[in-house]
Amino acid sequence: MRHLDTAVLTPATLTRPGPTASGGGTGRSLAAAVGRTPVVWIGEPFTGTDRGFWAKLEGFNPGGIKDRPALHMVARARERGELRPGARIVESTSGTLGLGLALAGQIHGHPVTVVTDPGLEPDVHRLLTAQGTTVDLVAEPHPTGGWQEARRLRVAELLAADPTAWCPDQYANPDNVAAYEPLAEELIAQLGRVDVLVASVGTGGHSAGVSRVLREYCPELRVIGVDTTGSTIFGQPARTRLMRGLGSSIHPRNVAYEQFAEVHWVAAPEAVRACRALARSAYASGGWSVGAVALVAAWAARTEPPGTRIAAIFPDGPHRYLSTVYHDDYCRPHGLLAGETAEHPDEIADPAEREVTRWTRCRTVTDPLGTAR
């Protein structure tokens with residue numbers, strides 16, 4: 001077990017930590033701007049009286065949380081000789097990793113092609129193009145694997161056409177997981193200890209990388225995974241999904257199922273309502289993943305014993321979602337503003353019990369592929 005500073009912190013005593021291996025220092029390269037992100041206290045009225053949680057604001061990175069793995073995966077591939085100088089980087093993304101790869105490509109001198117789908121926010125599309133990234137849109141979802149599988153197949157086509165190109169393969173690359181170890185170190189430096197970690201799950205990278213290191217400091221750590229309805233990661237059937245950045249229609253190999261104490265599925269309207277409530281009450285907010293994570297973290301703050309130190313990872317900020325999550329003309333036709341979110345989730349005993357369509361909790365977490373993996 002690593003050394004743990006158990007000093008009790010309060011919102012008033014919180015400070016930003018010093019530079020870490022992930023960046024956050026002073027330098028000529030933009031890589032120095034990645035990492036060392038702040039944490040803020042989210043309390044009442046969002047969480048209820050006298051309760052709250054700490055939010056790690058990864059939106060303070062230039063492009064969001066996936067700046068960390070983009071820089072790390074590219075650097076390690078260059079060290080191993082897998083990515084040659086000047087070679088093209090090709091990867092599938094729903095948006096955030098694309099921004100990180102655009103940053104890594106500029107820093108290391110690589111052209112970048114991101115394969116995405118029509119669900120990509122127009123603002124992100126324009127930003128990627130402005131940064132010199134080639135955006136390749138797939139036209140149709142795969143009949144069983146959805147947009148993600150369609151994107152992966154298109155990546156394979158592009159790699160076959162350019163033998164010098166390199167793909168990070170964020171779904172299975174262990175460097176994606178390792179990239180988040182500094183984030184865990186930052187949390188320990190900032191909070192002293194973490195009793196409960198709440199993290200969204202998409203590729204599985206940040207939940208795996210952060211939880212493994214935190215557990216070395218905090219052996220009793222409980223990890224709550226946050227997924228979206230219609231995602232197959234934790235054993236639910238794959239459906240068409242509106243939310244991006246969390247959930248999957250495939251089974252990423254980087255998901256560390258053994259780390260999770262429980263999983264919560266959150267529906268798109270519940271995430272939007274949480275995003276907007278968070279913006280009104282705490283100023284700090286973000287996109288789909290932030291809303292889903294905040295909803296679950298607030299519930300944990302209300303239900304865990306007093307004194308439990310809860311950390312929630314907010315993967316990005318609100319800016320790329322001004323035309324979606326925060327735009328009434330987008331939200332109304334999709335039914336995202338109607339209804340109210342319950343104070344507590346539904347519960348199922350097993351992911352196979354039934355298909356869930358609203359916020360639902362399950363304390364049985366297993367790898368759907370089992371030994372087949």
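**Close-up 1. Strand β8 and strand β11 (residues 360-362) run antiparallel and are joined by three bridges.** Strands here are DSSP runs of E with at least two residues, numbered from the N terminus, and two strands pair if DSSP finds at least two bridges between them. Val263 has Cys362 in β11 as its bridge partner. This is a predicted model, in which local features need pLDDT of at least 70, side-chain atom pairs count only at pLDDT 80 or more, and totals for chains, interfaces and linings use all residues. Residues are numbered from 1 along each chain as its sequence is written, and side-chain values use heavy atoms, with hydrogens and water left out.

**Close-up 2. β8 also pairs with β7, in the parallel sense, over five bridges.** Trp265 in β8 stands opposite Asp227. Glu262, His264 and Val266 point one way from β8, Val263 and Trp265 the other way, and all are buried (under 20% relative accessible area, with a 1.4 Å probe and protein chains only; exposed is over 50%, partly exposed in between).

**Close-up 3. The rings of Trp41 and Trp54 form an edge-to-face pair, because their centres are 5.1 Å apart and their planes are at 65°.** Rings of Phe, Tyr and Trp (its six-membered ring) pair if their centres lie within 6.5 Å; planes under 30 degrees apart count as stacked, over 60 as edge-to-face and the rest as tilted. Trp41 is in strand β1 (residues 39-42) and Trp54 in strand β2 (residues 53-57), 13 residues apart. Trp41 is partly exposed at 40% relative accessible area, whereas Trp54 is buried at 4%.

Terms used: Helix = DSSP H or I, 4+ residues; strand = E, 2+ residues; numbered from the N terminus.
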